[in-house]
Amino acid sequence: MSFATDSPSPLHSSSSDDFATFLDTALDANSSSDHDEIQNQDDDYNDDDNAQSVSRIKRHKVESIEETEASTSEGIVKQNLVVAEESVEVDVCSHPGSFGNMCIRCGQKLDGESGVTLSYIHKGLRLHDQEISRLRSTDMKDLLRHKKLNLVLDLDHTLLNSTLLMDLNSEEVHLTTETDSLEDVFKGSLFKLHHIHMMTKLRPFVRTFLKEASKMFEMYIYTMGDRPYALEMAKLLDPGGEYFNSKVISRDDGTQKHQKGLDVLLGQESAVLILDDTENAWMKHKDNLILMERYNFFASSCRQFGFNCKSLAELKSDESEPDGALAKILEVLKRAHSRFFDELQEDLAGRDVRQVLKTVRSEVLSGCVLVFSRIVHSALPALRKMAHQMGAICLTELDPSVTHVVATDVGTEKSRWAVKEGKFLVHPRWIEAANYFWEKQPEENFIVKKKE
């Protein structure tokens, strides 16, 4: 078995989907054939067309039987494949990957482990660094040809919110009679999953978000939940299997504890965007990250993050479909995608979506000049950094160029100056909201109230 095929890529599958399909087909078809092939090698050596003692063996070569129409990009190995036998000259196998301790190309037993385990594609699959680089290069060409990028999506508090049934409080228990049918997931958003003792609420706008995003991106799920949970959530989000297929990554598939990493993706980092509510989960990939406002539908989530407030469920409320977080972020994704493909002057292969994201972010507060007044010392560096990344200029002293004073108290000298000079006086949440929505927010919604 070899992944190093030169077959042209399909239009209707992704790298990881293709691997999963290929491996299932190849392993089922050939689980008992390797031993017979080795025994019969001597017969091949006597071929009339090979009088010279050139060693030949038989191996499986993946051949395409068709290309299907669609919008995807990543096809490295065909989704529609047949396995054919062909005599090929022996060369030194580079051992591109393995199952357990067996090379996926030549079947040789290997000592030690190297490369990256990609169990989410197929259990026991490990690819070596050189093969991963080759696949990523091919993936990049396919993505660009079909005008797509990769998008990694977190689950909890980003696309949905889940809670254990036992954690529903007295103000939420009414939800148990309001859940939607699992027989027709497409029409629902609130589900009781008895077999895992959980209730899940899909974030408003999520179905439209996935449909629209799929036109621009190959999408992965990447969650810190375990694999069974991740697959259950994928069924709710994508019951038709249109978006994710085998591209569901859980904490069981990561290479670092308590961290998420792009090393398990068969995609170039320069073509990946990440949507997640937890910045610290992506310490090595913050430049790829679009930080999401957390979706805390259930009270257990509010308690988890130390919020002393009622949940949306307790308030019998929810986010707005047209104006909620996912709708806003979809517009950001559209801008980034458009900039990457339509506005940059560089050769496509040399473009980097991380630079595009920085540019889009730097326009959010462009033209704003800020001074901070009596902000908690521990919070100030993060706020300044956030504002700077969004294009604002941050000063330490007042001058006529200042447009906004950021404070929590109207009684400070700088706050009084802002009122006197007709400048904006805003709460720090004004910066945080702009950061989440990638859009300058109305100052009147973040007025600094007089302390009692």
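So, how many disulfides does the count come to by the distance rule? Before I answer, a quick word on what we're looking at. This is a predicted model, where local features need pLDDT of at least 70, side-chain atom pairs count only at pLDDT 80 or more, and totals for chains, interfaces and linings use all residues. Residues are numbered from 1 along each chain as its sequence is written, and side-chain values use heavy atoms, with hydrogens and water left out.

Okay, the cysteines. A disulfide here is a pair of cysteine sulfur atoms within 2.5 Å, and by that rule the count is zero. Take Cys 103: its closest cysteine sulfur, in Cys 93, is 3.6 Å away, so that's too far for a bond. Cys 103 is also buried, at 1% relative accessible area. (Buried means under 20%, exposed over 50%, partly exposed in between, with a 1.4 Å probe and protein chains only.) Cys 394 is in no disulfide either, since the nearest cysteine sulfur, in Cys 368, is 10.0 Å away. Cys 394 counts as buried too, at 19%.

Strands are DSSP runs of E, at least two residues, and helices are runs of H or I, at least four, both numbered from the N terminus. Strand 15, residues 369–373, pairs with strand 16 in the parallel sense over three bridges; to pair, two strands need at least two bridges in DSSP.

What is the strand order of the open sheet? It goes 16-15-17-18, four strands with parallel pairing. Strand 16 (393–395) and strand 18 (424–426) are the edges, each pairing on one side only. Neighbouring strands are turned by 30° against each other on average, direction ignored.

Now the helices on that sheet. Helix 10, residues 380–389, packs on it, touching strand 15 and strand 16, and its direction makes about 170° with that of strand 15. Touching, or contact, means heavy atoms within 4.5 Å. For angles, axes are lines fitted to C-alpha atoms, for helices over the stretch in contact, and the angles run from 0 to 180 degrees between N-to-C directions. Helix 12 lies across strand 15, strand 17 (404–407) and strand 18, at about 135° to strand 15.

Which helix holds Arg 429? That's helix 12, residues 429–437. Arg 429 is partly exposed, at 49% relative accessibility. Between Arg 429 and Thr 408 there are 21 residues in sequence and 9.6 Å in space, C-alpha to C-alpha.
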